Amino acid sequence: MTALNKSIEPGDSPDLTEERASGTFDTNAMAAVIYGSDKFAQRRREISEAISKIPELADSAPLPFLDRFGKVTEGSRKLSVILENIDKLIDPSSYEEGLHLYTEVMGMEGHPLALHEVMFIPALIAQASDEQQVKWLGRARRREIIGCYAQTEMGHGSNLRALETTATYSPETQEFILHSPTITSLKWWPGALGKSANWAVVVANLIIRDKNYGPHPFMVQLRDEDSHEPLPGITVGDIGPKMAFNGGDNGFLGFRNYRIPREYLLNRHAKVEADGRYVKPPHAKINHSAMIRVRSHMATGQGALLAHALVIAVRYSAVRRQGYLEDKSREVKVLDYQTQQHRLFPSIARAYAFIFCGFETIRLYDQLLIDVQNGNTSGMADLHALTSGLKSVVTYQTGEGIEQARMACGGHGYSMASYISEIYGVAIGGCTYEGENMVMLLQLGRYLVKSIEMIQNGKSRELGPMVAYLAENESEIDLNLGPNEYLKVFEYAARNQTWRATEKFQKLRNSGMSNEKAWNQASVELTRASRLHTRLYIMSTFINHVGSIVDQKVKGVLIDLLNVHVTYEVMDIGIYVQGLLSSNQMDLIRNQLYVSLETIRPNAVSLVDSFQISDMQLRSVLGRRDGNVYENLFKWAKSSPLNKTDVLPSVTQYLKPMMEKSKL
Ligand SMILES: CC/C=C\C/C=C\C/C=C\C/C=C/C(=O)SCCNC(=O)CCNC(=O)[C@H](O)C(C)(C)COP(=O)(O)OP(=O)(O)OC[C@H]1O[C@@H](n2cnc3c(N)ncnc32)[C@H](O)[C@@H]1OP(=O)(O)O
Ligand SMILES: Cc1cc2nc3c(=O)[nH]c(=O)nc-3n(C[C@H](O)[C@H](O)[C@H](O)COP(=O)(O)OP(=O)(O)OC[C@H]3O[C@@H](n4cnc5c(N)ncnc54)[C@H](O)[C@@H]3O)c2cc1C
């Protein structure tokens, strides 16, 4: 019996045992749905089992008790143990297995290879020519070098056109000269840059004979491969502590006329010939492909973070007893309160929805990558718009859900013993990285406005499938028919808001206002349209995915969860559907939501157990699989370094003299 499946073990809290007994489906079968296949769900369990057999992979102390230096050291220490044992742990060629291994062993705090795997290698795959890949990709995959992705500067992150770092081509020496002309041009934020990486993909403005060709990616060696000392002309270091990711070394980087060979421009798409002739890429934004990749993966990534917080909050809510319902002889599990269910269950539904929606988005990205490698860039604008909206909505809603999960754990949720604040810090980083959320919502807004303009110009037939609904007329809604009717409600809301926002923008522009000013004055309405459009996409992928499930028990509970989702989402956008739904219909939906919360209640713990997050990965006293919270909370507090002695030096030095003095 492993510690991961839904089986009940001796010594488990009777409250959690009772919850698991009431589950109506097999959590292994649900895990197969969550992780895409039974085979991979099984591999995850095997990897967790293998990790548990290597004691050096365990945290050397609860991570919240480590200081920054300790966290950074811990990440590197564990990395070396992982690499010594890698063949025993995973299939090293599998990205997914690697991700599971790192997530479980490292926790949330970050580690030296995070950006190497997530951005550096993908940037080489997408942007390096075949010849360049022979030179660097193998070395990167074998971890002979550690890389990062250095784009953002102290002065500019969103507006890439204003980046200041230059890469000036010198035809005489056939080199690029990298230079940081100002303080604000210092690269600032790249993960693993500060202390770990010795190479970077650096985004800099390509200058040839005084002409600026805009941001391009360059492969740049930062540190000596033997001594790890920064190379002459490079200034590099750590940017200091952050809200989270404190085991990671986000860094700064400056160049003083630093020379690299002409062949170090990543030139799969754009090239500079020896004489300085520039060969244009097939699409102006093709250099942004590493960002598109991460954005495409963010729905699944954020879904997993939300799931992590919910495993903690739901299990804890089943062992936490506080207050009474009808039976006054025993306090109830707080999970039985409708308010607690309303706080947590819609988030469980969203976590599932984000993961399923992520499958579809990753599929679209993988297809785009193949198309682009074959010279077809026609799908780039669609995927850019979709992933811009998606990363914004899922990161924001994940943050909201995790914060509700924290509050659902009362006072103990505020303790680092819950680990929820760490998950929150990591998740909300996603609202900023890979494009600040408002900026990205406006990118989608731009695409939606263009879609409306196509309809206005009689080109509805040319609209892509995801925006075709913008040209439709609304039909009667019968809410007894199930999720597809709710989808129509969402289509109505997104269509209406997109038309209103576009018309506002056009009206302002037609009144003589500049395009930019009109855009700015319509921008809040445009972001609202983008959110509704994205939520519609999430809902439709959720519905489609549930429709494709074969295991009937799993499908049954996912339909119940879908009912929570659609009713909650429609209630949440009530203001946008006032013209469509009567107040009687709104009351009906509200009641359906309350009924669906009750329907899900017996399966709540099994639904979060199905994420199969081991206790090691969970790192939460409140969320432990066995539910034995209280004795472990006391043990956790006793392990605090402050409790090593009864009397602290600070008491002897400052408080005692103060109290003594007051006695006189
Ligand atoms: C597996 C992963 C899971 C989890 C990750 C875990 C950990 C990782 C942690 C952290 C990593 C973080 C990394 C980073 O943050 S890297 C830095 C990221 N930086 C950004 O995202 C910058 C955001 N800014 C931009 O992307 C662009 O500057 C912006 C799109 C906002 C504007 O670009 P620009 O000014 O150049 O263009 P516009 O004039 O606005 O638009 C012109 C035109 O081009 C279209 N466009 C823009 N971008 C793209 C694109 N990527 N693809 C296709 N088309 C694009 C845009 O829509 C316009 O089109 P049109 O309207 O037709 O003219
Ligand atoms: C945890 C973390 C990890 C990161 N890792 C990396 C990395 O590995 N590599 C890397 O290169 N970078 C990295 N970054 C940097 C990140 O990509 C940028 O911080 C991000 O793109 C936002 O840019 P900014 O900081 O310039 O924000 P700003 O653009 O300055 O945003 C400030 C405010 O201005 C608003 N704003 C800006 N432009 C507009 C506009 N046009 N219209 C309306 N409002 C606007 C924004 O909405 C926001 O409210 C990381 C950041 C974080 C937090």
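The domain bounds I use here come from an automatic or database domain assignment. With that noted, I looked up how the protein is divided: domain 1 covers 39–110 + 290–432, and domain 2 covers 145–281.

**Confidence.** I reminded myself that this is a predicted model. I checked the pLDDT and found that the protein averages 96, with 99% of the residues scoring at least 70. For the complex, I noted an ipTM of 0.98 and a pTM of 0.97 from the predictor.

I looked up the distance between the centres of domain 1 and domain 2, and over C-alpha atoms it is 31 Å. Next I looked at the contacts: 13 residues of domain 1 touch 10 residues of domain 2. Which elements give two or more residues to the domain 1 side? I found helix H4 (68–89) and helix H12 (420–432). H4 gives the most, with five residues. I sorted this side by class and got four nonpolar, four polar and five charged residues.

**Around ligand 2.** I turned to the ligand and found 21 residues around ligand 2. The ones that come nearest are Gln-151, Thr-152, Gly-157, Ser-158 and Met-438. Strand E1 (147–150), H12 and helix H13 (437–456) each give two or more residues to this shell. H13 gives the most, with three residues. By class, I wrote down 10 nonpolar, 10 polar and one charged for the shell.

Conventions: Residues numbered from 1 in each chain as written. Chains lettered and ligands numbered in written order. Predicted model: local features only at pLDDT ≥ 70, side-chain atom pairs only at ≥ 80, totals over all residues. pLDDT = per-residue confidence, 0-100. Contact = placed C-beta atoms within 7 Å. Helix = DSSP H or I, 4+ residues; strand = E, 2+ residues; numbered from the N terminus. Nonpolar A, V, L, I, M, F, W, Y, C, P; charged D, E, K, R; others polar. Near = placed C-beta within 6 Å.
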